[in-house]
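Q: Could you walk me through reading this structure, one feature at a time?

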Amino acid sequence: MREQSGILTADLHGRTVYQARVTVDALLRRAGGGVYRIRLIHGCHGGTALRDFLRSEYAGHPRVRQVVLSPDGGTTDLVLRSFS
């Protein structure tokens, strides 16, 4: 995990859905006022289980305003607030 300019980034390659849930929930708890986005790198060539899980699980999360999939399908961003 790394933080850069208000974006927390985590690489989820090789993790199960359960491991991804634990990681993302920890990131959501850790995200302070300076974090406006959580970027989750999951890839798309090894299957879509993580991508689909992230979209369905966190679209309705109270801290997540929007779930954004990258054009190549390899990353999912959880938008916590607007960047201003």
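A: Glu-57 and Arg-21 form one, with their closest N and O atoms 2.9 Å apart. Glu-57 lies in helix 2 (residues 49-58) and Arg-21 in helix 1 (residues 17-30), so this pair ties together parts that are 36 residues apart in sequence. Helices (H or I, at least four residues) and strands (E, at least two) are DSSP runs, numbered from the N terminus.

Q: Before we go on, what kind of model is this, and how are residues numbered?
A: This is a predicted model, where local features need pLDDT of at least 70 and side-chain atom pairs count only at pLDDT 80 or more, while totals for chains, interfaces and linings use all residues. Residues are numbered from 1 along each chain as its sequence is written, and side-chain values use heavy atoms, with hydrogens and water left out.

Q: Are Glu-57 and Arg-21 buried, exposed or partly exposed?
A: The scale is relative accessible area: buried is under 20%, exposed is over 50%, and partly exposed is in between (1.4 Å probe, protein chains only). Glu-57 counts as partly exposed at 35%, and Arg-21 is partly exposed at 30%.

Q: How many salt bridges does the structure hold?
A: There are four. One of them joins Arg-39 and Asp-77, with the closest N and O atoms 2.9 Å apart. This pair links distant parts of the chain, with Arg-39 in strand 3 (residues 37-41) and Asp-77 in strand 5 (residues 75-79), 38 residues apart. Arg-39 is partly exposed at 28% relative accessible area, whereas Asp-77 is buried at 6%. Another salt bridge brings together the side chains of Asp-52 and Arg-51 (3.3 Å, N to O). Asp-52 is partly exposed at 37%, and so is Arg-51 at 21%.

Q: How should I read the length and faces of helix 1?
A: For length, compare the C-alpha span with the expected one, which is 1.5 Å times one less than the number of residues. Helix 1 has 14 residues and reaches 20 Å from its first C-alpha to its last, close to the 20 Å expected. For faces, look at which residues are buried: here they are Ala-20, Thr-23, Val-24, Leu-27 and Leu-28. The face turned away from the buried side carries the exposed residues Tyr-18 and Arg-29.

Q: What covers the buried residues of helix 1?
A: Cover is judged by contact, meaning heavy atoms within 4.5 Å. The cover includes strand 2 (7-11), strand 3, helix 2 and strand 5.

Q: Which residues of helix 2 are buried, and which are exposed on its other side?
A: Leu-50, Phe-53, Leu-54 and Tyr-58 are buried. Their arc is 100°, so they line one face of helix 2. On the other side, Ala-49 and Ser-56 are exposed. The cover over the buried residues of helix 2 includes helix 1, strand 3, strand 4 and strand 5.

Q: Which members of the largest nonpolar core touch the most other members?
A: A nonpolar core is a set of buried Ala, Val, Leu, Ile, Met, Phe, Trp, Tyr and Cys residues joined through side-chain atoms within 4.5 Å. In the largest one, with 18 residues, Val-24, Ile-38, Leu-40 and Tyr-58 touch the most other members. Strand 2, helix 1, strand 3 and helix 2 are the elements that give two or more residues to this core.

Q: What does the side chain of Thr-76 make a polar contact with?
A: A polar contact is a pair of N or O atoms within 3.5 Å; within protein, one must be able to donate a hydrogen and the other to accept it, and residues adjacent in sequence count only if both atoms are side-chain atoms. The partner of Thr-76 is the side chain of His-42, at 2.7 Å. Thr-76 sits in strand 5 and is buried, with a relative accessible area of 0%.

Key. Arc of directions from axis to C-beta.
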